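Here are my notes on this one, in the order I would go through them with you. Have the viewer open as you read.

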Amino acid sequence: MRKVLVIHGPNLNLLGEREPNVYGSVTLEEINKELKELAAQKDVELRIVQSNHEGEIVEAIQNARHWAEVILINPAAYTHTSVAIRDALSAVRVPAIEVHLSNIHAREGFRQSSHVSPVVVGQISGFGKNSYLLALEAAVQLPLPGKEK
Ligand code: DQA
């Protein structure tokens with residue numbers, strides 16, 4: 001059973017009411033429900049956290065080294081600003097997949113660079129809630145050195 005930690009960054013708790021023209025009408029609860037359903041089908045043990053605080057996200061990543069085999073992270077605005085989150089991902093050496101609802105490369109210039117991208121396995125961006133579901137599929141299929149799936 002693969003162990004996957006999902007981390008949702010700041011303001012994602014407001015999905016549904018937040019800029020629906022950009023992020024759609026889906027709520028975080030709906031995304032988490034679909035992730036749990038897919039996890040059950042794929043034999044994945046899933047833990048999900050959301051935080052609006054950079055330090056809490058750093059701690060969630062640090063704690064993941066004791067448990068998670070793969071991290072899915074949407075760092076939200078911290079994608080573009082946080083060296084601390086990048087360093088935490090780098091430090092724990094748990095493979096991570098970067099997730100964005102919107103296509104950050106097609107948006108404002110300040111969103112087009114990610115501090116996190118160089119230390120993750122890959123990025124899935126622009127598919128709305130399906131970005132998370134595709135990332136979970138990728139997490140299931142990710143080869144983990146020394147481990148069977
Ligand atoms: C986001 C994109 C970020 O630029 C933004 O700050 C977010 C959400 C996304 O999922 O598309 O909060 O990470």
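Before the points, one term: a residue is buried under 20% relative accessible area, exposed over 50%, and partly exposed in between (1.4 Å probe, protein chains only). This is a predicted model, where local features need pLDDT of at least 70 and side-chain atom pairs count only at pLDDT 80 or more, while totals for chains, interfaces and linings use all residues. Residues are numbered from 1 along each chain as its sequence is written, and side-chain values use heavy atoms, with hydrogens and water left out.

1. Asp87 sits in helix 4; helices here are DSSP runs (H or I, at least four residues), strands likewise (E, at least two), numbered from the N terminus. With a relative accessibility of 45%, Asp87 is partly exposed. Its C-alpha atom is 22 Å from that of Lys3, which is 84 residues away along the chain.

2. Now helix 3, residues 54–64: Ile57, Val58, Ala60, Ile61 and Ala64 are its buried residues. Looking down the helix axis, these fall within an arc of 160°, so they line one face; the arc is taken from the directions from the axis to the C-beta atoms. As background, an α-helix has 3.6 residues a turn, so residues three or four places apart point the same way.

3. What do the buried residues of helix 3 pack against? Their partners are strand 1 (2–8), strand 2 (44–50), strand 3 (70–74) and helix 4 (83–92), where contact means heavy atoms within 4.5 Å.

4. On to the ligand. Around it are Arg18, Tyr23, Asn74, Ala76, Ala77, His80, His100, Leu101, Ser102, Ile104, Arg107 and Arg111, each with a heavy atom within 4 Å of it. That shell splits into five nonpolar, four polar and three charged residues. Here Ala, Val, Leu, Ile, Met, Phe, Trp, Tyr, Cys and Pro count as nonpolar, Asp, Glu, Lys and Arg as charged, and the others, Gly among them, as polar.

5. For polar contacts (N or O pairs within 3.5 Å; within protein, one atom must be able to donate a hydrogen and the other to accept it, and sequence neighbours count only if both are side-chain atoms), the side chain of Ser102 comes to 2.6 Å from a ligand oxygen. The side chains of Asn74 and His100 each have a polar atom 2.8 Å from a ligand oxygen. The protein covers 99% of the 320 Å² of accessible area the ligand has on its own (Shrake-Rupley, 1.4 Å probe).

6. Last, Ser114, in the loop between strand 4 (96–100) and strand 5 (122–125). Ser114 is buried, at 16% relative accessible area. Its side chain reaches two backbone nitrogens: that of Val116 at 3.1 Å and that of Ser117 at 3.0 Å. Leaving out residues up to four places away in sequence, Ser114 touches Thr79, Glu98 and Gln123.
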